Every structure is written in structure tokens, then in C-alpha cells.
Amino acid sequence: KPIRQYNIAGWGGRTPRQNLEEHMRQRVWGKKNAPNIVTEYKKVPGSAPGRYRSRVTVILPRQQGTKTFDPEEACDTARDADNLAAAWSLFKLVEEDQRDG
């Protein structure tokens with residue numbers, strides 16, 4: 001199966017991973033209440049050698065536990081896989097916020 005290109009080597013500005021971190025600290029936790037770690041990335045087996053997948057877990061406040069997001073798509077590099085997982089989780093978190101009001 002062909003791999004989709006997510007190369008962020010020429011990325012200008014903040015990466016999806018940085019945006020997720022900021023979203024979690026400011027919107028979900030509130031700036032002053034955020035713990036040191038609000039996101040955790042874990043590598044998961046890719047679909048073939050030389051392909052990378054990443055799963056991100058976000059830590060929620062007030063005993064809400066965690067949510068895990070896995071885009072289930074392989075990337076060329078581990079860095080791209082982390083950024084894809086971050087972008088996917090941001091999409092899902094914002095979608096939930098809008099649905100919940």
C-alpha cells in the first residue's frame with residue numbers, strides 16, 4: 001500500500017505536536033493547573049519495515065483519566081508519525097468540544 005507523505009521538514013511555524021501541547025495546557029487544563037506532562041507518545045508497529053506509527057495519549061483533568069488517539073496510518077519517519085497522531089487528536093478533541101457545546 002503506498003504511503004502518504006506527511007513530511008514536515010519544511011514546516012513553517014508550530015508543528016501539530018506543539019499545537020496539541022498548547023491546546024491541552026491552555027484549553028483543557030488551564031494554564032496554571034497543567035501538570036508537567038499532558039501528552040505521551042508511543043510508537044506502535046508500522047505496516048512494513050521502514051514505516052512508523054505513533055499513538056498519543058492525552059491526560060485529562062479532574063479524574064477524567066486519559067484519551068488515546070491512533071490514526072492507524074504509517075509515515076516515513078517517527079517525527080512525522082508523532083505529528084500525524086497530534087493532528088488527528090486535535091481534530092478529534094475539537095470535534096468533541098463542539099459537539100458537547
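The legends below describe close-up views of one predicted model.

View 1. The chain has 101 residues, of which 37% count as buried. It exposes about 6,700 Å², and carbon and sulfur atoms supply 47% of that area. Among the contacts between residues at least 6 apart in sequence, 46% join residues that are at least 24 apart.

**View 2. The largest nonpolar core.** This core has 15 residues, and those that touch the most other members are Leu 20, Met 24, Trp 29, Val 56, Val 58 and Leu 93. Helix α1 (16-29), strand β2 and helix α2 each supply at least two residues of the core, while α2 gives the most, with 4 residues. In soluble globular proteins, nonpolar side chains tend to be buried together. A closer look at Leu 93 shows that, once its neighbours within four places in sequence are left aside, this residue is in contact with Leu 20, His 23, Met 24, Val 58 and Phe 69.

**View 3. Ala 85 in helix α2.** Ala 85 lies in helix α2, and because its relative accessible area is 0%, Ala 85 counts as buried. Leaving aside its neighbours within four places in sequence, Ala 85 is in contact with Ser 54, Val 56 and Pro 71. Ala 85 can also be viewed together with Phe 69: the two residues are 16 residues apart in sequence, and the distance between them in space, from C-alpha to C-alpha, is 6.7 Å.

**View 4. Asp 82 in helix α2.** Asp 82 also has its place in helix α2, and with a relative accessibility of 6% Asp 82 counts as buried, because buried means under 20%. When its neighbours within four places in sequence are left aside, the residues in contact with Asp 82 are Arg 17, Tyr 41, Lys 43 and Ser 54.

View 5. Arg 62 is found in the loop between β2 (53-59) and β3 (66-69), and its phi is positive, at about 55 degrees, although Arg 62 is not a glycine. With a relative accessibility of 62%, Arg 62 counts as exposed, because exposed means over 50%. Glu 72 sits in the loop between β3 and α2 (78-100), and this residue, which is likewise other than glycine, has a positive phi near 55 degrees. The relative accessibility of Glu 72 is 63%, so Glu 72 counts as exposed.

**View 6. The largest pocket and its lining.** About 220 Å³ of space lies in this pocket. Of the 12 residues that line the pocket, the closest to its centre are Val 28, Leu 60, Gln 64, Leu 93 and Asp 97. Both α1 and α2 supply at least two residues of the lining, and α2 gives the most, with 4 residues. Sorted by class, the lining has 4 nonpolar, 2 polar and 6 charged residues.

How values were computed:
Residues numbered from 1 in each chain as written. Predicted model: local features only at pLDDT ≥ 70, side-chain atom pairs only at ≥ 80, totals over all residues. Heavy atoms only, no water. Buried < 20%, exposed > 50% of the residue type's maximum accessible area, 1.4 Å probe, protein only. Contact = heavy atoms within 4.5 Å. Areas by Shrake-Rupley, 256 points an atom, 1.4 Å probe, with all protein chains shown as cover. Core = buried A, V, L, I, M, F, W, Y, C linked by side-chain atoms within 4.5 Å. 1 Å grid on protein atoms, 1.4 Å probe; cavity = no way out; pocket = protein on both sides within 12 Å on 5 of 7 lines; lining within 4 Å. Points joined across faces, edges and corners; volume = space filled by probe spheres on them. Nonpolar A, V, L, I, M, F, W, Y, C, P; charged D, E, K, R; others polar.
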